[in-house]
Amino acid sequence: MSHRADKGGEGVNAPEALLSVQGLQKHFPVTKGLLKRQIGAVRAVDGVSFDVRQGETLGLVGESGCGKSTTGRLVTRLMEPTAGKIFFEGHDITHMSQSKIRPLRRDIQMIFQDPYSSLNPRHTVGAIVGAPFRIQGVQTEQGTKKAVQEILELVGLNPEHYNRYPHEFSGGQRQRIGIARTLALKPKMIIADEPVSALDVSIQAQVVNLLEDLQNELGLTYVIVAHDLSVIRHISDRVAVMYLGKIVELADRKSLYDSPMHPYTNALLSAVPIPDPARRKDRERIRLQGDVPSPLNPPPACRFHTRCWKAQVICKTEEPPLAELAPGHQVACHFPENVEQATAPAAAKVAQNVEEALHPKKPVV
Amino acid sequence: MRPVNPASRGSLLEVEDLSVVFRQRGRADVRAVDGVSFSVSPGETVGLVGESGCGKSVTSLAIMGLLPKRGVRVEGGVSFDGTDLLSLPPDKLRLLRGRDLAIVFQDPMTSLNPVVPIGTQVTEVLTRHRGLSNGEAREEAADLLRRVGIPDPSRRLREYPHQLSGGMRQRALIAAALACRPRLLIADEPTTALDVTIQAQILELLKTLVAESGTALILITHDLGVVAGTCDTVHVMYGGRIVERAPRHELFAEPRHPYTGGLLASVPRLDQPRGVRLQPIEGSPRDVIPWARGCAFAPRCPNRVEECTPVAPELLGDRHGLRCVNPLRSDQPATKAVPR
Ligand SMILES: Nc1ncnc2c1ncn2[C@@H]1O[C@H](COP(=O)(O)OP(=O)(O)OP(=O)(O)O)[C@@H](O)[C@H]1O
Ligand SMILES: Nc1ncnc2c1ncn2[C@@H]1O[C@H](COP(=O)(O)OP(=O)(O)O)[C@@H](O)[C@H]1O
Ligand code: SF4
Ligand code: SF4
Ligand SMILES: [Mg+2]
Ligand SMILES: [Mg+2]
């Protein structure tokens, strides 16, 4: 694994990173009264850094409101970040102007959660899937219709249905139409925000399989945002776990699911219902107390400390940095789980934290 | 071990051949629920599982007498502790609903009154149905909120629904439903809108409730994972009918209906090795044929044979009920491992 801990990367990107995000922030102002006086800010995304390599799938998981969708919208430049940098193919696209961003819009496409509301009901499938050609002024060799029909075929829709309207399709088929639309301009990267969660269980698998096939065929790079940990495990090569606007753990799929180090990841995994009553018994369940705190006023230092069963004084006073504790495995925690996976220096640091928590130098206040 | 068939202990609710037909002007009737029968005993949790539109919610609304009277035809029998609910006058039914029957809906925002504080919504039930004084009701309401895991209950009682998070609203709703100590609770997708960690808390709460107070629980969900951890008996619905019914362990260990097997094989699972391609069910739940012309699942069924149409199979079998002429064999794995 050649994962680079990006400390002070200063825009020098590893060649394999198609997308690189550094210290990304998005704060939404919260206003009150007629004068719209700002009384605070929702720190939806609060310093997020990650790389996505050419051809891989990065999964972004976390509970509702942790900032997954906002991260996706920032990366696709549908939203202006408050701070931080976004590099695509080595170019800084963070504040690229609307005119310059046009070609970029072809390269990075977004798939939305709701296949019902994201398609215009008054347009035919042909018009919807063909729209990107027209908007971008792209000339196709054999005409737009032929090109669109090829894409429909690619996503498993009947090309003959070119003139039908969205309501004539089922949810899974509508999501295929949404995917077809993103494929029109041969993007390099697709950001998919909850691509299956609005679909019926029996058809989610159709869309998951389609995304996998398209990646293999077209060499696409994906960032997939989802709250479903089973779907994320199935589809991702690497996984980032978010909590209250921050990444708390980032690792390759196997390490993350086999030996999760952040307590929050452990709790999340143990809460997933397993459809097998025989196997549930021998699973250790971690019960988290309470809800996710408001991002308007996140807890200081480690944001998870209000719900964490391992929390010590240091967790409330010192923010744990997102550090590479094992090769390719980044964790933001003073007292990680599965610490036997950690490198010697990281394990020593954890041991020191434990020692200091057990025998505090000064009396605990 | 739990008794194999808790119904033998004497059931509290018996649903007998229940059908619900929506009549719509200018369009064909919709038979949303079609001959559904099941029973629930005190302390038992019965699961109704299926995809959206299969008739789960309409079944629960019919049991509770909450369907509109116009344009809806309800047939069959629903008997609660010997009383026929379908023929009960509306005022008697309303009384029963406040006291013995309760329902929790999927979306807590639509079932809580947005302009009334949480506390009032809970105490109202207590003063109206249990005849408590206002002071007693407030005390009991705070206790209920504490029981469902809402911290700082006396402050929360004064707050409005929008001031609570989704998980807390759902818990407040459960608190309101529990206020009258119902003997039957219907929970319709109670955790679908919630995060997994909150879902785990709510399911735990429902389980405790059933264990401690012997409440009969009907849990409606599309998530087989939720069912696996909570239900004693599971009924799988498709196109308005029950297609398979079995004790929980048996259903998961040996699903026999191709739809049940298909559902299990189509979801990625944390308890299985990952190198498995998902096996989707072809088509969509909209591709059904009317039961009058054969098995509604036939257009999507990998096991389809000639006998599946034009006469629909009956639900056969007592302990493990099955509506299928060519079920999965035990050597036909529901989850086929296909290497990547
Ligand atoms: N336009 C906005 N104005 C103010 N706050 C916002 C805005 N968009 C998002 N937020 C807030 O930012 C936080 C993160 O939102 P985001 O939509 O990214 O969450 P998410 O992780 O995608 O959640 P979900 O799983 O529910 O989709 C939330 O607290 C949300 O309420
Ligand atoms: N008021 C109504 N009028 C007409 N059809 C209805 C009405 N309510 C529900 N239906 C139909 O009844 C079927 C079952 O719905 P429902 O019980 O809500 O499904 P679910 O299993 O998702 O809870 C669906 O086909 C739905 O469209
Ligand atoms: S830093 Fe402390 S509070 Fe935060 S996750 Fe680690 S142990 Fe828990
Ligand atoms: S009856 Fe036939 S079509 Fe229906 S589920 Fe059984 S095998 Fe499939
Ligand atoms: Mg989102
Ligand atoms: Mg429903």
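## Sheet in chain B

Two strands count as paired if DSSP finds at least two bridges between them. In this predicted model, chain B holds an open sheet of 7 strands with mixed pairing, in the order β6-β7-β8-β3-β9-β10-β11. The edges are formed by β6 (101-104) and β11 (321-322) of chain B; each has a single partner strand, so one side of each lacks a neighbour in the sheet.

Within the sheet, strand β3 (residues 45-49) of chain B runs parallel to strand β8 (residues 216-221) of chain B, and 5 bridges join them. In this pair, B:Gly47 lies opposite B:Leu219 of β8(B).

## Helices on the sheet

Helix α7 (residues 166-178) of chain B packs on the sheet and touches β6 and β7 (184-188) of chain B. The direction of α7 makes about 175° with that of β6(B).

Helix α11 (residues 258-266) of chain B also packs on the sheet, where it touches β9 (233-238) and β10 (241-247) of chain B. Its direction makes about 100° with that of β9(B).

## Helix pair in chain A

In chain A, helix α3 (residues 125-136) packs against helix α4 (residues 144-154), with the axes 9 Å apart and at an angle of about 110°. Because angles of 65 to 115 degrees count as roughly perpendicular, α3(A) is roughly perpendicular to α4(A).

On the α3(A) side, the contact is made by A:Val125, A:Gly126, A:Val129, A:Gly130 and A:Phe133. These meet A:Thr144, A:Ala147, A:Val148, A:Ile151 and A:Leu152 in α4(A). The residues of this contact comprise 7 nonpolar, 3 polar and no charged.

Notes:
Residues are numbered from 1 along each chain as its sequence is written. Chains are lettered from A and ligands numbered from 1 in the order in which they are written. This is a predicted model: local features need pLDDT of at least 70, side-chain atom pairs count only at pLDDT 80 or more; totals for chains, interfaces and linings use all residues. Side-chain values use heavy atoms; hydrogens and water are left out. Axes are lines fitted to C-alpha atoms, for helices over the stretch in contact, and angles run from 0 to 180 degrees between N-to-C directions. Helices (H or I, at least four residues) and strands (E, at least two) are DSSP runs, numbered from the N terminus. Angles under 35 degrees count as roughly parallel, over 145 as roughly antiparallel, 65 to 115 as roughly perpendicular and the rest as oblique. Contact means heavy atoms within 4.5 Å. Ala, Val, Leu, Ile, Met, Phe, Trp, Tyr, Cys and Pro count as nonpolar, Asp, Glu, Lys and Arg as charged, and the others, Gly among them, as polar.
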